[in-house]
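Dear colleague,

Please find below the structure that I am handing over to you. My notes on what was found in it follow.

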Amino acid sequence: MSIDDESHQSPAQALAGESGYRSYPIAPGTQLNVRNGPGTNYAVVRTLPIGAVVTIRCQCPGTTVSGPYGTTNLWDCVGNGQFVSDAYVKTGSDGYVAAPCG
């Protein structure tokens, strides 16, 4: 399944290949910073392009961020110690949608 295919599914339907982890779209019109820890005090390691989809492996608390989907301290691990704020990810929930990290 390509990223384009996943972006047309609802968040609850999107799955990332064989991994079993769910994938979700980031907020429309947003280029989202990916950081090397769960907070704005961590370094930006890359930036996701507009229209990107992220695969959430686990979630944990961190810096509180306000974004298109509310204000939250929840951060989504998108792989290899890389995190994005859940305030910019359309999960359809204000809480955890994946296992806690750790």
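**Overview of the chain**

The protein chain exposes about 5,500 Å², and carbon and sulfur atoms supply 48% of it; accessible areas come from the Shrake-Rupley method with a 1.4 Å probe, and for residues only the protein chains shown count as cover. Please note that this is a predicted model, in which local features need pLDDT of at least 70 and side-chain atom pairs count only at pLDDT 80 or more, while totals for chains, interfaces and linings use all residues. Residues are numbered from 1 along each chain as its sequence is written, and side-chain values use heavy atoms, with hydrogens and water left out.

The secondary structure comes to one helix and seven strands, in the order α-β-β-β-β-β-β-β along the sequence. Helices (H or I, at least four residues) and strands (E, at least two) are DSSP runs, numbered from the N terminus. Of the 102 residues in the protein chain, 40% are buried. Buried means under 20% relative accessible area, exposed over 50%, and partly exposed in between (1.4 Å probe, protein chains only).

**The cysteines**

How many disulfides does a search of the whole structure find? The search finds one, a disulfide being a pair of cysteine sulfur atoms within 2.5 Å. C58 is joined to C101, with an S to S distance of 2.1 Å. The link is right-handed, with 95 degrees about the S-S bond. The pair links distant parts of the chain, 43 residues apart: C58 is in strand β5 (residues 58-67), and C101 is in the segment after β7 (82-85). C58 counts as buried because its relative accessibility is 14%, whereas C101, at 26%, counts as partly exposed.

C60 is in no disulfide; the nearest cysteine sulfur, that of C101, is 4.3 Å away. C60 is buried, at 10% relative accessibility.

F83 lies in strand β7 and is buried, with a relative accessible area of 10%. Leaving aside neighbours within four places in sequence, F83 is in contact (heavy atoms within 4.5 Å) with several residues, including C60, C77 and C101. F83 and Y42 are 41 residues apart in sequence and 9.4 Å apart in space, C-alpha to C-alpha.

Yours sincerely
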